[in-house]
Amino acid sequence: MLQVSVANAIDCDIHPGVPTIKALLPYMSDYWREAFIARGQDGFQPASYLPNSPLACRPDWREGDAVGASRLELLQRHALDGLGTGLAICNVLYGGSFAISETMAAAICSAVNDWLRAEWLDRDPRLRASIVVPTQNPRLAVEEIERLAGDRRFVQILMPVALDMMLGKEHYWPIFEAAERHALPIGLHAGSLYRYAPTTNGWPTHFLQDYVGNNHAFESQLLSLIAQGVFLRFPDLKVVLLESGVTWLPGFLWRARKTWRAVRPEVPWINESPIDIVRRHVRLTAQPIDGPADPAVLERVLNQIGSDDMLLYASDYPHWQFDGDRVVPDGVPARLIEKMARDNPLATYPRLRETIQ
Amino acid sequence: MGKFVVAPLADIPPGTQKRVHVAGRDIAVFNVGGELFGISDACPHQGGSLSTGATVGLTTSSEPGKFCHSRPGEFVRCPWHSWEFDLRTGQSWCDPRRFRTKAYDLSVEPGEALVAGPYVAETFGVSVEDQYVVVEF
């Protein structure tokens with residue numbers, strides 16, 4: 001374990017938790033404050049991360065809280081001081097990103113962003129954040145990006161990976177346009193709006209299937225971005241896959257390249273191998289790494305990605321992905337750990353470079 | 001090596017293609033609107049017979065969603081994995097430096113000239129009245 005080399009690392013995926021809707025009410029309009037109280041609605045945790053599931057919060061980080069990482073002092077103690085983190089990017093997974101109602105989604109997202117600023121970013125200079133947006137309505141999403149882009153502590157736009165529709169469609173292009181213009185990568189996090197069954201064969205019965213099934217969404221959304229020409233239209237756009245598992249990538253890339261060679265005239269604007277497009281535009285947080293137990297085999301798989309620029313160090317705090325302080329599993333080459341922890345995040349998130357050099 | 005008569009021109013009219021065997025080599029011959037092209041028949045990927053592939057034009061694009069079609073019939077798609085090869089150069093479109101098949105120079109000669117040599121026709125007689133496809137390598 002080369003923990004020394006990740007001291008002062010940039011943690012690209014931590015998850016402050018919204019304890020209850022009450023925490024957000026001060027950041028809502030009078031209408032929505034009254035509406036949430038009148039309706040008695042609460043519990044907007046995404047179904048992908050039920051608060052009591054072992055995955056949602058590591059037991060020794062919970063300290064009696066129903067919602068993991070819902071107190072700044074715990075996050076500071078466990079994730080920042082505990083793991084020796086220099087900077088960390090907060091990705092809040094909460095109902096605004098998932099709601100059926102576009103207007104309610106916008107109200108919750110906006111409240112989450114302002115709550116993040118006031119109660120997290122303002123209270124610890126090591127914290128940065130993603131803007132959560134209502135992808136359910138791209139026009140409202142862009143309004144929220146414009147409202148917050150001036151705050152340089154927001155370094156990314158966060159979206160669940162399994163959305164209302166294929167991500168490459170022009171429906172979403174206004175979000176990409178705003179993202180590129182403000183130098184904000186698009187972070188796609190595991191999780192679904194559940195507009196469709198998360199598998200192509202219908203609804204799974206168990207959480208096991210649901211969580212593992214995120215891989216389908218990452219693959220299809222990434223390929224949609226490539227095939228619809230998003231990276232041609234937005235050449236400076238970066239996409240970060242958060243909590244995707246990493247090791248699926250080489251096999252996916254080989255299949256994408258092989259099939260592209262066969263059906264290229266169908267997407268003639270794709271004039272280079274999908275592998276080259278992905279290496280230029282896509283990054284992945286390295287938590288979890290779904291690897292084999294043998295570190296030597298894991299190293300071989302990681303080398304198959306064919307680039308040391310793509311992985312970003314992340315703890316995924318408070319999600320239970322590892323024990324102790326073993327953030328990086330054995331088998332990740334030392335040269336890669338160095339790059340993951342600092343160079344790659346700085347190259348991926350232009351706004352981080354403004355505060356760290 | 002020399003010049004070889006590969007087929008009577010009448011055997012490969014415009015819009016058709018044919019595999020010929022010349023001096024130990026399999027060559028895929030295409031007649032695209034009267035212009036003759038010859039490439040090595042074996043696909044450099046896994047050996048599919050390019051002479052049995054569909055000829056297509058070149059599809060390019062200026063931006064996502066736009067299709068530009070040019071050079072009708074001047075590419076062949078391998079029947080096995082659909083990779084496209086440029087009949088003029090033998091290069092694959094997807095990876096032209098790594099994957100290419102040999103392109104041959106073909107010409108059409110009157111039988112009258114061929115009878116005199118130095119041409120070699122391996123499997124058929126040459127008639128002075130007809131036109132023939134000739135390859136040189």
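These legends walk through several close-up views of a two-chain model.

The model is predicted, so local features are described only where pLDDT is at least 70 and side-chain atom pairs count only at pLDDT 80 or more, while totals for chains, interfaces and linings use all residues. Residues are numbered from 1 along each chain as its sequence is written, with chains lettered from A and ligands numbered from 1 in the order in which they are written.

**View 1. Helix 13 of chain A has a kink centred on A:Met340.** Helices (H or I, at least four residues) and strands (E, at least two) are DSSP runs, numbered from the N terminus. Helix 13 covers residues 334-348 of chain A, and at 1.5 Å a residue its 15 residues should span 21 Å; the end C-alpha atoms are 20 Å apart, which agrees. That expected span is 1.5 Å times one less than the number of residues. The kink at A:Met340 is about 50°, where the bend at a residue is the angle between axes fitted to the seven residues ending there and the seven starting there.

**View 2. Here is what the buried residues of helix 13 of chain A pack against.** A residue is buried if 20 or more other C-beta atoms lie within 10 Å of its own, exposed if 12 or fewer, and partly exposed in between, with C-beta atoms placed from the backbone. Among the buried residues of helix 13 are A:Leu336, A:Ile337, A:Met340 and A:Pro345. A:Arg342 and A:Asn344 are buried in this helix too. The partners of the buried residues include strand 1 (9-14), strand 6 (239-242), strand 7 (282-285) and helix 12 (295-304) of chain A.

**View 3. Strand 7 of chain A is covered on both faces.** A:Val282 and A:Leu284 sit on one side, A:Arg283 and A:Thr285 on the other, and all are buried. Two strands pair if DSSP finds at least two bridges between them. Strand 7 runs parallel to strand 6 of chain A, joined by three bridges, and A:Val239 stands opposite A:Val282. Strand 7 also pairs with strand 8 of chain A in the parallel sense, over two bridges. In that pairing, A:Leu284 has A:Leu311 as its bridge partner.

**View 4. A:Ile270 is a buried residue in a loop of chain A.** The loop in question lies between helix 10 and helix 11 (274-281). A:Ile270 counts as buried because it has 20 other C-beta atoms within 10 Å. Leaving aside neighbours within four places in sequence, A:Ile270 is in contact with A:Ile226, A:Ala227 and A:Trp260; contact means that the C-beta atoms, placed from the backbone, lie within 7 Å. A:Phe98 is 172 residues away from A:Ile270 in sequence and 32 Å away in space, C-alpha to C-alpha.

**View 5. Chain A touches chain B through eleven of its residues.** Helix 9 (230-233) and helix 10 (249-263) of chain A each supply at least two residues of the side that touches chain B. Helix 10 gives the largest share, three residues. By type, the chain A side divides into six nonpolar, two polar and three charged residues. Here Ala, Val, Leu, Ile, Met, Phe, Trp, Tyr, Cys and Pro count as nonpolar, Asp, Glu, Lys and Arg as charged, and the others, Gly among them, as polar.

**View 6. Seven strands of chain B form an open, mixed sheet.** Chain B has one helix and ten strands, and the order of strands in this sheet is 2-3-4-8-10-1-9. Strand 2 (17-22) and strand 9 (120-121) stand at the edges with a single partner strand each, so one side of each is left without a neighbour in the sheet. Strand 1 (residues 3-8) and strand 10 (residues 131-136) of chain B run antiparallel and are joined by five bridges.

**View 7. Three strands of chain B form an open antiparallel sheet in the order 5-6-7.** Strand 5 (54-60) and strand 7 (84-86) are the edge strands, each pairing on one side only. Strand 5 pairs with strand 6 (residues 68-77) over six bridges, and B:Thr60 stands opposite B:Cys68. Strands 6 and 7 are joined by three bridges, with B:Val76 opposite B:Phe85. Six residues lie between these two strands in their hairpin, where B:Ser82 takes a positive phi near 70°.

How values were computed: Two residues are in contact if their C-beta atoms, placed from the backbone, lie within 7 Å.
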